[in-house]
Amino acid sequence: MTTRTADPRVVPLIAGRWSPRAFDGSDLPQADLDVIFQAAGLAPSAFNYQPWRFLYAHRADAALFAKFLAPLVEFNQSWANSASVLVYVVSEEAMVSDKGANPNHSHSFDAGAAWAMLALQASALGYHSHGMTGVDFEAARAALEVPAGFRIEAAIALGTMTTPEGLPEYLREREVPSARKPVGEIAIAGTFR
Ligand SMILES: Cc1cc2nc3c(=O)[nH]c(=O)nc-3n(C[C@H](O)[C@H](O)[C@H](O)COP(=O)(O)O)c2cc1C
């Protein structure tokens, strides 16, 4: 039973994307993951700087996966442990050229656009994605060796959705697409008021 409605002219891939927590832990082939990251990299960015980086670990690589899982808050660990791949989206805070480094106003905005592309491409291939900021970001920076000048934006669980039986009961009922604010609430014809 879905709680989401959209005009039929909204691209079905967009309207149909949602973030489950029940993943089956199966392998996500590297070739598919490469397509997903290629789609992410097709996002627009200021000056085409492409400030995003995607650090990832396959569940099959148990030691690396554990390193990626550990910085998640306990709640997220409980279900993201069954994802096929864990990804951290990182963005470079400055635009660096041979003329020096200048702050990049839109590094997070651009990385967000890339994550949206990633999520849609994952859906198109039959996978699901689930973004997470329930992360100990300092722990993630240390574990993933993210240098200064790069912001860890979020983590992402990627994988194949399964039935919710394996989840605790309070999460089972949340395994449905969620509703959205009406357009009239998020789009303002004119100034902010
Ligand atoms: C940046 C970001 C951070 C999020 N953090 C978490 C999180 O830490 N844990 C969680 O269970 N869901 C998290 N979510 C999932 C959101 O709650 C979810 O996307 C939102 O409720 C909309 O639902 P939908 O993606 O199914 O449409 C996050 C989503 C985004 C985009």
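Predicted model: local features only at pLDDT ≥ 70, side-chain atom pairs only at ≥ 80, totals over all residues.

Visitor: How do the residues of the shell around the ligand divide into nonpolar, polar and charged?
Guide: The ligand has around it Trp18, Ser19, Asn76, His130, Gly131, Met132, Thr133, Gly134, Ala154, Pro177 and Ser178. Sorted by class, the shell comes to 4 nonpolar, 7 polar and no charged.

Visitor: Which strand gives the largest share of that shell?
Guide: Strands here are DSSP runs (E, at least two residues), and helices are H or I runs of at least four, both numbered from the N terminus. The largest share is 3 residues, and they come from residues 128–132, strand S5.

Visitor: What pattern does the chain follow along the sequence?
Guide: The chain has 8 helices and 6 strands. Read in order, they give α-α-β-α-α-β-β-β-α-β-α-β-α-α.

Visitor: At what angle do helix H2 and helix H5 pack?
Guide: Two packed helices are described by the angle between their axes and the distance between the axes. Axes are lines fitted to C-alpha atoms, for helices over the stretch in contact, and angles run from 0 to 180 degrees between N-to-C directions. For H2 (residues 30–41) and H5 (residues 107–124), the axes are 7 Å apart and the angle is about 145 degrees.

Visitor: Which residues of H2 make the contact with H5?
Guide: Contact means C-beta atoms, placed from the backbone, within 7 Å. On the H5 side you'll find Ala114, Trp115, Met117, Leu118, Gln121 and Ala122, and on the H2 side Val35, Ile36, Ala39, Ala40 and Gly41.

Visitor: Is Asn48 buried or exposed?
Guide: Asn48 sits in the loop between H2 and strand S1 (52–58), and has a positive phi of about 55 degrees without being a glycine. A residue is buried with 20 or more other C-beta atoms (placed from the backbone) within 10 Å of its own, exposed with 12 or fewer, and partly exposed in between. Asn48 has 7 within 10 Å, so Asn48 is exposed.

Definitions and conventions
Residues numbered from 1 in each chain as written. Near = placed C-beta within 6 Å. Nonpolar A, V, L, I, M, F, W, Y, C, P; charged D, E, K, R; others polar. Contact = placed C-beta atoms within 7 Å.
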